Amino acid sequence: VQNAAGTKEFHKLNEDDIPKLDKITPEQCKVLREARAAKGITQNDLAKSMNINVSIIKDYEGGSVAKFNKTFYNNLLRRLGVKPT
């Protein structure tokens, strides 16, 4: 921000000013892993049924997904016969 004197001033950001990124929770990872195991299918099988790379399933189940997408996560659960929460 430039002030009246023409110099720049910096304002400290509050925690509320910083957007929170959607991240997968450990509980969501567990739900996905357990739902897949209950169906008796492999990560590979699930990936093939969704027409995606198996690394995506591994990332979602392991909690290391770079860009968590809740809609996609819910689609995975539906594919496994679990009602999304």
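Predicted model: local features only at pLDDT ≥ 70, side-chain atom pairs only at ≥ 80, totals over all residues.
Residues are numbered from 1 along each chain as its sequence is written, and side-chain values use heavy atoms, with hydrogens and water left out. Local features need pLDDT of at least 70 and side-chain atom pairs count only at pLDDT 80 or more, whereas totals for chains, interfaces and linings use all residues.

Helix H2 (residues 43–50) packs with helix H3 (residues 54–62) at an angle of about 120°, and their axes are 8 Å apart. Helices here are DSSP runs (H or I, at least four residues), numbered from the N terminus; axes are lines fitted to C-alpha atoms over the stretch in contact, and angles run from 0 to 180 degrees between N-to-C directions. H2 and H3 are therefore oblique to each other (angles under 35 degrees count as roughly parallel, over 145 as roughly antiparallel, 65 to 115 as roughly perpendicular and the rest as oblique). Gln-43, Asn-44, Leu-46 and Ala-47 of H2 form the contact with Val-54, Ile-57, Lys-58 and Glu-61 of H3, where contact means heavy atoms within 4.5 Å.

Ile-57, Tyr-60 and Glu-61 are the buried residues of H3 (buried means under 20% relative accessible area, exposed over 50%, partly exposed in between, with a 1.4 Å probe and protein chains only). Viewed down the axis of H3, these buried residues fall within an arc of 95°, so they line one face of the helix; the arc is that of the directions from the helix axis to the C-beta atoms. The buried residues of H3 pack against helix H1 (26–39), H2 and helix H4 (70–79).

Lys-30 lies in helix H1 and is partly exposed, with a relative accessible area of 37%.

Note on methods. Helix = DSSP H or I, 4+ residues; strand = E, 2+ residues; numbered from the N terminus.
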